[in-house]
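Biologist: Please take a close look at the contacts between charged and aromatic side chains in this model. I would be grateful for the cut-offs behind each term.

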Amino acid sequence: MSTLAEKVQRELILAIENDELVLPTLPEVALRVREAAEDPDISIPALSKVIGNDAAVTARIIKVVNSPLLRSSREIDDLQMAISRLGINYTCNLATGLAMEQMFQATTDVVDRKMREVWNKSTEVAAISHVLCRHYTRLMPDQATLAGLVHQIGILPILTYAEEHSALLADSFSLNYVIDKIHPIVGEKILRAWDFPEAIAAVAGQYTDFQRDSTKADYVDIVQVATLQSYMGTQHPYAQLDWSEIPAFAKLGLDPSELMQEDEDLSAAMDAAMSMLQ
């Protein structure tokens with residue numbers, strides 16, 4: 001580890017411990033959707049009005065409902081119909097997750113590229129999580145999708161820090177090292193500050209702990225397997241691990257060696273989920 005990486009890591013951990021790290025705020029539309037979701041009597045027209053104030057999120061939800069994975073016999077072009085088709089809980093989780101994209105923007109080209117990269121990986125992991133959840137668990141696919149979309153949220157404050165420290169920005173090795181080491185701690189802290197459910201907040205902090213072994217399959221397991229699968233066939237360090245030693249696969253009832261064999265139905269579902277979120 002370089003001296004710079006060591007110094008930055010020390011500073012960030014100290015800032016976290018002293019509650020001095022500036023955490024990002026949840027986008028306005030996500031805040032309003034979360035408030036609406038807490039109302040047990042929320043109606044579809046009322047939720048449609050909340051989401052409808054954000055044209056980008058509205059367009060994404062309509063795209064999702066018309067995706068090969070979820071579409072019905074006829075195309076839906078109206079937000080209220082989309083919510084009716086998806087259901088209120090599913091729509092709220094999806095809108096919250098998709099609103100996160102607004103946060104992945106930066107003032108410098110280097111950081112902006114990195115943020116694009118992080119968001120693209122998050123949507124890929126979210127799509128795989130959605131499919132794994134539907135095929136191998138009884139958990140909620142919308143929650144799995146949300147978990148995938150926010151699992152790397154802890155990278156944001158580190159990149160914001162890098163924007164203000166040119167030495168770190170210029171040293172990609174040190175920056176990537178610090179991101180790998182620190183972002184799970186920061187991510188869990190952010191999701192807890194946003195009052196995300198425990199099952200989702202835990203994902204950010206624990207998805208890189210490949211020896212973690214909970215009593216039954218949960219969203220951490222799903223995002224863990226989805227993350228590893230997203231690197232399959234690459235030179236990434238995750239692809240070099242012995243996946244048969246990772247408890248999450250067994251809890252989903254998956255044999256890692258069988259992932260290498262093409263399952264056409266599963267592969268088609270993965271492609272559909274990817275196009276749904278991109």
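**Charged and aromatic side-chain contacts**

Modeller: Across the whole structure, the search returns 13 salt bridges; a salt bridge here requires a side-chain nitrogen of Lys or Arg within 4 Å of a carboxyl oxygen of Asp or Glu. The model is predicted, so local features need pLDDT of at least 70 and side-chain atom pairs count only at pLDDT 80 or more, whereas totals for chains, interfaces and linings use all residues. Residues are numbered from 1 along each chain as its sequence is written, and side-chain values use heavy atoms, with hydrogens and water left out.

One of these bridges joins the side chains of Asp19 and Lys189, at 2.8 Å from N to O. Asp19 belongs to the loop between α1 (3-17) and α2 (28-37) and Lys189 to helix α11 (residues 172-193), so this contact ties together parts that are 170 residues apart in sequence. Helices are DSSP runs of H or I with at least four residues, strands are runs of E with at least two, and both are numbered from the N terminus. Asp19 is exposed at 59% relative accessibility, while Lys189 is partly exposed at 25%. Buried means under 20% relative accessible area and exposed over 50%, with partly exposed in between (1.4 Å probe, protein chains only).

Glu188 is buried, with 18% relative accessible area; Arg192, at 37%, is partly exposed.

A further bridge connects Arg212 with Asp221, at 3.5 Å from N to O, and both of these residues are buried. Through shared partners, salt bridges join Arg212, Asp213, Asp218, Asp221 and Lys251 into one network.

Charged groups also meet rings. Such a contact counts if NZ of Lys or CZ of Arg is within 6 Å of the ring centre and within 35 degrees of the ring normal. Arg34 lies over the face of Phe196, 4.4 Å from the ring centre, and the charged end of Lys121 sits 3.8 Å from the centre of the Tyr231 ring. Tyr231 in turn forms one aromatic cluster with Phe210 and Tyr238.

As for rings with rings, Phe, Tyr and Trp (its six-membered ring) pair if their centres lie within 6.5 Å; planes under 30 degrees apart count as stacked, over 60 as edge-to-face and the rest as tilted. In one of them, Phe104 and Trp119 have ring centres 5.3 Å apart and planes at 45°, so the pair is tilted. Phe104 sits in the loop between α6 (88-99) and α7 (109-136) and Trp119 in helix α7, 15 residues apart, and the pair thus links distant parts of the chain. Phe104 is buried at 2% relative accessible area, and Trp119 is likewise buried at 2%. Trp243 and Phe249 form a stacked pair, because their ring centres are 5.6 Å apart and their planes are at 20°. Relative accessible areas of 7% for Trp243 and 1% for Phe249 class both residues as buried.
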